[in-house]
Amino acid sequence: MANKANSLAHTKSMCNYHIIFTPKYRRKAIFAQYATSIGEILRKLCEYKGVELIEGRLMPGRAHMLVEIPPKTSISSFMGYLKGKSALMIFDKHANLKHKFGNRHF
């Protein structure tokens with residue numbers, strides 16, 4: 001990882017965060033079965049928000065992500081966005097998951 005700082009008119013920033021993304025009840029079977037699809041969705045959502053995904057790894061029951069978030073975006077708002085939109089996109093792409101878990105959040 002290079003030590004690069006983003007520059008604005010009067011500031012320099014390097015906001016890197018290590019995020020561990022764990023779904024409710026740690027549905028290990030789902031992560032194993034749909035790992036590539038979940039990875040694509042998380043990458044796409046980071047791109048939409050202007051967040052650079054430096055490194056990511058899907059493990060059974062959780063996802064580790066090293067992201068660089070712009071200073072104008074708070075980590076809590078980004079995580080709320082990531083959790084909400086990823087659940088909707090996963091359920092849209094894999095409609096059979098709704099039948100297995102009802103209306104519970106992913």
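I started at Glu 40, which is partly exposed at a relative accessible area of 40%. I call a residue buried under 20% relative accessible area, exposed over 50%, and partly exposed in between (1.4 Å probe, protein chains only). The areas come from the Shrake-Rupley method with a 1.4 Å probe, and for residues only the protein chains shown count as cover.

**Ground rules.** This is a predicted model, so I note that local features need pLDDT of at least 70, that side-chain atom pairs count only at pLDDT 80 or more, and that totals for chains, interfaces and linings use all residues. Residues are numbered from 1 along each chain as its sequence is written, and side-chain values use heavy atoms, with hydrogens and water left out.

**Salt bridge.** I looked for Glu 40's partner and found Lys 93, with the closest N and O atoms 3.5 Å apart. The criterion is a side-chain nitrogen of Lys or Arg within 4 Å of a carboxyl oxygen of Asp or Glu. The pair links distant parts of the chain: Glu 40 sits in helix α2 and Lys 93 in helix α3 (residues 75-93), 53 residues apart. I then checked Lys 93, which is also partly exposed, at 47%. The structure holds one salt bridge.

**Ser 37.** Next I moved along helix α2 to Ser 37. Ser 37 is buried, with a relative accessible area of 7%. I set aside its neighbours within four places in sequence, and Ser 37 still contacts Lys 93 and His 94. Contact here means heavy atoms within 4.5 Å.

I checked the length of α2 (residues 35-49). Its 15 residues should span 21 Å at 1.5 Å a residue, and the end C-alpha atoms are 22 Å apart, which agrees. The expected span is 1.5 Å times one less than the number of residues. For α3, 19 residues reach 26 Å from first C-alpha to last, close to the 27 Å expected. I listed the buried residues of α2: Ser 37, Ile 38, Gly 39, Ile 41, Leu 42, Leu 45 and Cys 46. In α3, the buried residues include Phe 78, Tyr 81, Leu 82, Ile 90 and Phe 91. An α-helix has 3.6 residues a turn, so residues three or four places apart point the same way.

**After α2.** Gly 50 follows α2 and has a positive phi, near 80 degrees. Gly 50 lies in the loop between α2 and β4 (52-59). I find Gly 50 partly exposed, at 47%. I also looked across to Thr 73, 23 residues from Gly 50 along the chain; their C-alpha atoms are separated by 9.5 Å.

**Strands.** I traced the pairing of β4 with strand β5 (residues 62-68): seven bridges, antiparallel. Strands count as paired if DSSP finds at least two bridges between them. Glu 52 stands opposite Glu 68 in β5, and Arg 57 stands opposite His 64. The hairpin of β4 and β5 has two residues between the strands, and Gly 61 takes a positive phi there, near 90 degrees. I then turned to strand β3 (residues 16-21), which pairs with β5 in the antiparallel sense over six bridges. His 18 stands opposite Leu 66 in β5. β5 is mostly covered, with five of its seven residues buried.

**Whole chain.** I counted four helices and five strands. Helices (H or I, at least four residues) and strands (E, at least two) are DSSP runs, numbered from the N terminus. From the N terminus on, I read the order as β-β-β-α-α-β-β-α-α. Of the 106 residues, 36% count as buried. Among contacts between residues at least 6 apart in sequence, 64% join residues at least 24 apart. The protein exposes about 7,000 Å², and carbon and sulfur atoms supply 53% of that area.

**Confidence.** I left this for last. pLDDT is the predictor's confidence in each residue, from 0 to 100. The mean is 79, and 75% of the residues reach 70 or more. Over residues 101-106 pLDDT stays under 50, and the model has 14 contacts beyond four places in sequence for that stretch. Where pLDDT is low, the predicted coordinates should not be read in detail.
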